[in-house]
Amino acid sequence: MIAWDGPSGSVLPVVTAPSTVLSTVGDEVDPADPAVVQLAADLVATMKVSPGCVGLAAPQVGVGAQVFAVDVTGHPKAATTHGVFVLCNAKIIEASRWKAGREGCMSVPDLTGDVKRAGRIVVAATLPGSGEEVTVTTDAFEARALQHEIDHCAGKLFLDRVAGAHAIYQRKVYL
Ligand SMILES: [Zn+2]
């Protein structure tokens, strides 16, 4: 089980582009460090109070670290779902079924874009707190969310992945 069952966290302000931390490669973390567990809890708390938010990475709350939270539960484009979880030092070890799809981001509030992502991935990571090493196999929208958050931890935004200006859209509706 990778589901988050850590302490409750605090809601943090979300930083928006252009902010240096969003384009900086995050540091690898010690998943057992109490500060990392607190960060994980804060990411979950901030994600939960943000309508339509399916994932949030440490750089988005101003921390240059390889930690992120994901929750695509109930999303219409989701197939496999693992509920609310937080991963540290995540790396994609397998990726296939590449397909374009629309993405948005709390750190880029006014735009969405079409981004090509793998529709099936295997990710290796560690869990905050226990430090347990896990591999997560997922697909569809959860796979997209994971790739988006892993990009944040590497200092990349979805805007760095769009095919060009024709694949960027002004957001009309705020979820
Ligand atoms: Zn984002």
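This briefing describes a zinc site, the residues around it and a few side-chain features.

The model is predicted: local features need pLDDT of at least 70, side-chain atom pairs count only at pLDDT 80 or more, and totals for chains, interfaces and linings use all residues. Residues are numbered from 1 along each chain as its sequence is written, and side-chain values use heavy atoms, with hydrogens and water left out.

**Zinc site**

- Cys105 (SG), His148 (NE2) and His152 (NE2) coordinate the zinc ion at 2.0 to 2.2 Å. Donors are N, O and S atoms within 2.8 Å of the metal (3.2 Å for Na, K and Ca); water is not among the atoms, so sites may look incomplete.
- The spacing of the donor residues in sequence is C-x42-H-x3-H.
- UniProt, in an unreviewed entry, lists Cys105, His148 and His152 under "binding site". They span 48 residues in sequence, yet no two of their C-alpha atoms are more than 10.3 Å apart, so they gather at one spot.
- UniProt positions are given in the numbering used here, feature names are shortened, and annotations may be inferred rather than shown by experiment.

- Cys105 lies in the loop between strand E3 (85-103) and strand E4 (111-126). Helices (H or I, at least four residues) and strands (E, at least two) are DSSP runs, numbered from the N terminus.
- Cys105 is buried, with a relative accessible area of 7%. Buried means under 20% relative accessible area, exposed over 50%, and partly exposed in between (1.4 Å probe, protein chains only).
- Not counting residues up to four places away in sequence, Cys105 touches Gln60, His148, His152, Phe158 and Arg171. Contact means heavy atoms within 4.5 Å.
- His148 and His152 are four residues apart in helix H2, and therefore separated by about one helical turn.
- His148 is buried at 8% relative accessible area. Beyond four places in sequence, its contacts are Glu103, Gly104, Cys105, Arg117 and Phe158.

**Glu149**

- The unreviewed UniProt entry lists Glu149 as "active site".
- Glu149 is part of helix H2 (residues 140-153) and is buried, with a relative accessible area of 3%.
- Residues in contact with Glu149, leaving out those up to four places away in sequence, include Gly55, Leu56, Gln60 and Phe68.
- A polar atom of the Glu149 side chain lies 3.3 Å from the backbone nitrogen of Ala57.

**Charge over a ring**

- Arg102 lies over the face of Tyr169, 3.6 Å from the ring centre. A charge sits over a ring if NZ of Lys or CZ of Arg is within 6 Å of the ring centre and within 35 degrees of the ring normal.

Terms used
Polar contact = N/O pair within 3.5 Å; in protein donor to acceptor, adjacent residues only side chain to side chain.
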